[in-house]
Amino acid sequence: MTVPKEAVVRMYAAREEIYPREIKGRYATLRWAGVWLTQIVFYGLPWLRWNGRQAVLFDLGARKFHLFGLVLWPQDFIYLAGLLIVCAYGLFLVTAVAGRVWCGFACPQTVYTELFLWIERKIEGARSARIRLDRQPWTFEKIAKKCAKHAAWLAVALWTGFTFVGYFTPLQTLMHEVASFSLGAWEAFWVLFYGFATYGNAGWMREQVCKYMCPYARFQSSMFDRDTLVVTYDRKRGEPRRPGARVAGDKLVAKAVTKVGDCIDCTMCVQVCPTGIDIRQGLQYECIGCAACVDACNGVMDKVHKPHGLIRYATENALANGWGTREVKRRLLRPKVLAYTAVLGLLILAMTTSLALRTPLKVDVIRDRGSMGRETEDGQIENVYRLQLMNTSEDARTFRLSVDGMPGVRIVDLDVVTLDGASARAVPVRVRGDAAGMGGSHRIAFTVTAQDDPAVAVREEAAFIVPR
Amino acid sequence: MSDFTSGFWNWYVALITVASIAGCAILLWSQSRYKVRLDQDGQPAKTTGHVWDEDLTELNTPMPRWWMGLFYLTIVFGVIYLVLFPGLGSYAGKLGWASTSAYKAELKQADTDFGPLFARYASQDLKAVAADPQAHAIGERMFLNYCAQCHGSDARGNKGYPNLTDADWLHGGAPETIKLTIMAGRVGQMPPMGAALGSDKDIEGVAHYVRNLSGLTADPVKVAFGKAKFGTCAACHGPEGKGNPMLGAPNLADKIWLYGGSADTIMETIRKGRTNTMPAFGEFLGEAKVHVLAAYVWSLSNPVPPKPVDGKVAAK
């Protein structure tokens with residue numbers, strides 16, 4: 001009989017359900033702190049009021065973005081780009097220093113999974129009870145529990161979707177619309193879409209999102225180096241494993257194991273892992289750095305009267321060279337980290353300076369394209385411009401217009417314009433100049449100054465054309 | 001409507017589309033299984049056996065199954081889409097959607113949204129509409145959109161394009177007349193008069209006479225010479241050169257000039273004549289909108305007196 005040398009395997013495997021065991025400890029507490037902090041901000045922010053309106057409101061219809069006292073317009077989009085770059089560099093810096101702490105403690109995917117797991121535990125019980133429940137046939141109890149769990153998940157998910165849309169439509173309006181079933185089509189779509197995404201990602205997809213969908217998870221590994229703090233198993237100290245109470249002591253003797261490590265092979269670190277990996281196999285791409293295994297192992301070490309830290313935050317170099325905390329900390333100030341910090345600091349400084357010095361007035365000068373320049377009765381030349389004025393402050397303001405750059409150049413009639421708070425207006429302006437014989441194009445400049453505050457002024461150049 | 005006269009290309013495109021979709025489905029199905037080597041212990045190998053740079057091995061870790069489900073979903077989506085919407089050659093789709101009908105639907109929606117507003121103004125007298133601040137704002141926006149290209153953002157015109165803010169009108173400045181001008185457009189024509197007037201000296205004389213009518217500097221001798229020749233022009237511009245709105249003949253006795261008032265320009269106008277067109281906007285905008293626009297244009301040369309505020313007339 002010939003032994004087959006090949007086999008046909010499926011390239012697509014079904015997901016294996018992971019039942020993370022509940023764990024208490026330092027890092028679990030930190031993660032819950034992350035959950036509370038991010039979710040109080042997310043669910044709470046839209047309820048805050050500011051000057052008679054919602055404090056944080058992204059009004060897409062009016063194209064105005066309110067952030068407390070700040071009103072941003074589509075022209076201020078650069079600040080969004082700046083904010084995203086700051087976030088990216090923040091992520092780079094944190095990742096270079098301490099690995100995927102964002103993933104493990106603050107990422108919405110982790111935070112909502114944690115929330116949904118908590119609900120799951122409250123309804124279906126602990127890990128072993130959940131495994132048992134899933135394996136048993138469909139009974140009335142199982143159906144009731146599953147229904148209760150999904151109902152609770154959907155409630156949280158819909159509330160999340162509702163809150164999300166509350167950043168774009170004032171929450172008060174949204175509540176009335178929901179109560180009277182008059183929700184707009186797009187609002188309803190986004191409430192349901194965001195709710196469905198929350199339910200699907202935190203309830204069903206969980207670690208699949210981190211493993212297969214998330215791009216940050218992938219490129220964060222390129223920011224790791226040998227001095228990055230990551231969750232690691234101290235192989236030197238742990239191996240060879242001593243399979244605790246489950247294997248009789250004489251078997252160890254039979255295997256002629258002389259030296260035994262601190263790992264008792266209780267598999268607690270595997271049972272608590274939300275991505276279902278065994279950290280003892282070393283750093284793996286699935287690891288989100290949540291340190292649940294650290295908490296688990298420390299608890300076990302307490303019970304077997306061994307020191308903490310068989311699984312701990314350590315750097316690759318520290319493990320290889322047996323470094324202590326001091327050496328690890330000294331390597332923190334390596335060039336990569338300093339460079340990230342410098343760029344991040346500069347960006348934040350530039351952003352805040354630019355925001356602080358922002359002029360709440362925008363001016364765009366559009367010369368009438370249809371005409372070159374007209375001659376008046378007394379032989380002067382007149383050009384017409386449209387001044388697009390935008391008052392981005394929240395109070396009505398009066399602006400004075402002036403023009404310079406050519407001898408005798410002046411605005412003919414209208415030179416004082418009043419604009420409502422946060423409004424825009426196109427103002428036709430006639431400019432006249434003593435320009436006989438000066439055929440050609442001349443540079444002139446408009447200055448728009450707020451009457452109540454001379455510091456609020458914008459200067460814009462334009463061309464004044466004299467027909468030859 | 002198809003851009004091609006022959007049905008061949010429709011079938012060509014449709015066939016490629018269908019074959020591509022079927023190809024994707026076959027590829028997905030055929031590639032979902034993979035032949036691997038067996039290890040020494042008879043288990044399928046974890047690597048493909050490819051090794052680069054001494055120790056870089058390619059794993060054959062399976063993808064998640066839901067991922068393949070998504071691929072199949074895109075195929076289902078594509079098929080449903082191609083049934084409902086036009087995409088397969090010249091097939092129009094079950095929903096009968098077309099960009100032209102979508103555009104017409106949007107126009108219709110805008111008409112139902114804004115129609116009542118314009119209808120309310122359309123039933124009012126033009127002077128009453130001119131006094132309405134909201135109608136004034138609407139008129140100003142329409143003017144900037146449709147009229148400012150020629151007449152300027154400030155409506156003061158340009159060479160060849162009349163100033164709309166003075167009280168001087170080529171075809172009459174009554175509100176109803178302005179409305180008619182916008183609705184039906186105007187053609188203004190001044191025929192070349194060089195041959196009819198005679199010599200260059202005659203033409204120069206008439207030009208100086210016309211300047212004199214407006215009170216501009218002119219050579220008295222040439223003025224007297226031109227006055228005798230002006231009878232040819234009087235047919236349209238009137239014996240006193242005051243113009244005739246019925247014919248669109250401009251008033252020559254004011255200082256307002258459509259093409260310029262220098263003697264040279266006037267002589268050029270006489271010699272070569274002028275033809276000027278104001279396009280008709282009636283069909284494009286519809287009468288209700290033109291009504292609001294005409295009221296705005298009329299108000300430019302007839303400023304609305306300030307409204308009484310708190311019982312008193314606001315001081316100017």
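Two strands are said to pair if DSSP finds at least two bridges between them. Helices (H or I, at least four residues) and strands (E, at least two) are themselves DSSP runs, numbered from the N terminus.

This tour concerns a predicted model, in which local features need pLDDT of at least 70 and side-chain atom pairs count only at pLDDT 80 or more, while totals for chains, interfaces and linings use all residues. Residues are numbered from 1 along each chain as its sequence is written, and chains are lettered from A and ligands numbered from 1 in the order in which they are written.

**Stop 1: a hairpin in chain A**

Select residues 440-450 and 457-466 of chain A, which are strand 17 and strand 18. A hairpin of six residues links strand 17 of chain A to strand 18 of chain A. The two strands run antiparallel and are joined by ten bridges. To see one pairing, select A:Ser441, whose bridge partner in strand 18 of chain A is A:Ile465.

**Stop 2: the whole of chain A**

Now display chain A, which has 17 helices and 18 strands. Its C-alpha atoms fill a box of roughly 115 × 60 × 55 Å along the principal axes. The radius of gyration, taken over C-alpha atoms, can be set against the globule rule, 2.2 Å times the number of residues to the power 0.38. Chain A has 33 Å, whereas a compact globule of 468 residues would have a value near 23 Å.

Colour residues 15-358 of chain A as domain 1 and residues 361-466 as domain 2; such bounds come from an automatic or database domain assignment. The C-alpha centres of these two domains of chain A are 55 Å apart. Two residues are in contact if their C-beta atoms, placed from the backbone, lie within 7 Å. By this criterion, four residues of domain 1 of chain A are in contact with five residues of domain 2 of chain A.

**Stop 3: the largest nonpolar core**

A residue is buried if 20 or more other C-beta atoms lie within 10 Å of its own, exposed if 12 or fewer, and partly exposed in between, with C-beta atoms placed from the backbone. Of the 468 residues of chain A, 26% count as buried. A nonpolar core is a set of buried Ala, Val, Leu, Ile, Met, Phe, Trp, Tyr and Cys residues joined through C-beta atoms within 7 Å.

Which residues touch the most other members of the largest nonpolar core? Select A:Val231, A:Cys269, A:Ile279, A:Ala292, A:Cys293 and A:Ile311, which hold that position among its 38 residues. The elements that give two or more residues to this core include helix 6 (140-165), helix 8 (185-205) and strand 8 (230-233) of chain A. Helix 14 of chain A gives the largest share, five residues.

Centre the view on A:Cys269. Apart from neighbours within four places in sequence, the contacts of A:Cys269 are A:Ile279, A:Arg280, A:Cys293, A:Ala296, A:Cys297 and A:Ile311. A second, separate core has 21 residues, among them B:Leu164, B:Ile182, B:Val290 and B:Trp298.

**Stop 4: a loop residue, A:Thr169**

Select A:Thr169, in the loop between helix 6 and helix 7 (171-179) of chain A. Is A:Thr169 buried or exposed? A:Thr169 counts as buried because it has 23 C-beta neighbours inside 10 Å. Residues up to four places away in sequence aside, A:Thr169 touches A:Leu174 and A:Glu187. Show A:Phe58 as well: it is 111 residues from A:Thr169 along the chain, yet their C-alpha atoms are separated by 7.7 Å.

**Stop 5: where the chains meet**

Show both chains together; 25 residues of chain A are in contact with 27 residues of chain B. On the side of chain A that touches chain B, strand 1 of chain A supplies the largest share, five residues. Select strand 2 of chain A and strand 4 (residues 63-64) of chain B, which run parallel and are joined by two bridges. Here A:Tyr12 has B:Met63 as its bridge partner.

**Stop 6: chain B**

Finally, display chain B, with its 13 helices and eight strands. The radius of gyration of chain B is 37 Å, well over the 20 Å that the globule rule gives for 316 residues, so chain B is more spread out than a compact globule. Colour domain 1 (1-30 + 45-97), domain 2 (107-185 + 279-301) and domain 3 (188-278) of chain B. The centres of domain 1 and domain 2 of chain B, taken over C-alpha atoms, are separated by 55 Å.
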